[in-house]
Amino acid sequence: MPLFATVAMLAIVASAVWYSIVFPRQPFKGPLPALEHEDVRLAHSLQEHVTAVASQPHNIEYYDALEAAAHYIERSLIQFGLKPQAQIFAVADKSVRNIEVVWEPVDSTTVTPSIVIGAHYDSPGDAPGANDNGTGVAAALELAHRLANFTPATHRLRLAFWVNEERPYGKTPDMGSWQHAKALKDSRENIEGMIALETIGYFSNEPNSQDFPVPFGLIYPKKGNFIAFVGLPGSRSFLHRALGHFRSHTQFPSIGGVAPGFLEGIDLSDHWAFHHFGFPAMMVTDTAPFRNPYYHELDDLPENVDYESLARVTRGLEKMLRKLLA
């Protein structure tokens, strides 16, 4: 290969690596600080939510349980003093719904950007789905609770609970987040960024407890003790700011990167739908099948969730959101 072609190829590879690897290392190392009393209470609340929503399979095939999960989410939001709104649509002759609460900025008369954060509340197949995705639902509920009286300065906040993320509805118009993203696109809302909370409650300090899709195993750590911010192309700037705020205020290992959806696992959540409609989108995840032996299994049960780590992550997400919305 001629020298010029070799240099050009190396430059392309270097540019791709620079673009993809937003935060390659874990800035926080060593023992985690002791949980504060508030975090202990938060861990208990998160466990209550996961147990209530994800102790049994809940999806269209288990429709009564899916409805029970939706009712629990709506009741909880009302108890927090919020006003949940439903986006109702029909799938497989069943009425299903997304659930959303909205915070308007101080001056709601101007055109302001929106940030969307949320989690899907259905489970895969016959699995109870405690980690996938009871943990995301629990964190979103506690974010709603802690932000209930918050007024954003410059942004609109949309916090959503989406139905039908799992197969066979994922990546189809029957996906709840597809319906939500399409409605926002049709209304021409200015979405600054979207964050999906996807399986965020399984962690391990054991060596080689973490796997990655090729080639990221050459770059990222081998212990599954971190939370990952994973963006699709077009989300790099938003991911950089979000993870920067998370790291500045949270003593918990974290990594971040951007990669195309054809790589294994990169687009397997609700951020795919928002990316499909042209919005900057990412997920926050424990990396699911690359770490968790209970992923999509019958023993993805509430007792297999690490609630202390989930509490630390949830608190970090709250601080991150407050900064993004300031």
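Which ring does the charged end of Lys185 sit over? The ring of Phe279, at 5.6 Å from its centre. Keep in mind that this is a predicted model.

Together with Trp162 and Phe274, Phe279 forms one aromatic cluster. The count of aromatic pairs comes to 8. One of them is Trp162 with Phe274, a tilted pair. Their centres are 5.8 Å apart, with 55° between the planes. Trp162 belongs to strand S4 and Phe274 to helix H7, so this pair ties together parts 112 residues apart in sequence. Are these two buried or exposed? Trp162 is buried, with a relative accessible area of 0%. Phe274 is buried too, again at 0%.

Next pair: Tyr202 and Tyr294. This one is edge-to-face, 6.0 Å centre to centre, at 85° between the planes. Tyr202 is in the loop between strands S5 and S6, and Tyr294 is in the loop between S8 and helix H8. Tyr202 is buried at 18%. Tyr294, at 23%, counts as partly exposed.

One more charge over a ring: Lys94 lies over the face of Tyr63, 4.8 Å from the ring centre.

Strands S6, S7 and S8 each supply at least two lining residues. The lining divides into 19 nonpolar, 11 polar and 8 charged residues.

The second largest pocket holds about 270 Å³. It is lined by 16 residues, with Gly30, Leu32 and Asn205 among those nearest its centre.

Key:
Residues numbered from 1 in each chain as written. Predicted model: local features only at pLDDT ≥ 70, side-chain atom pairs only at ≥ 80, totals over all residues. Heavy atoms only, no water. Helix = DSSP H or I, 4+ residues; strand = E, 2+ residues; numbered from the N terminus. Nonpolar A, V, L, I, M, F, W, Y, C, P; charged D, E, K, R; others polar. 1 Å grid on protein atoms, 1.4 Å probe; cavity = no way out; pocket = protein on both sides within 12 Å on 5 of 7 lines; lining within 4 Å. Points joined across faces, edges and corners; volume = space filled by probe spheres on them. Phe/Tyr/Trp six-rings, centres within 6.5 Å; stacked < 30°, edge-to-face > 60°. Buried < 20%, exposed > 50% of the residue type's maximum accessible area, 1.4 Å probe, protein only. Lys NZ or Arg CZ within 6 Å of the ring centre and 35° of its normal.
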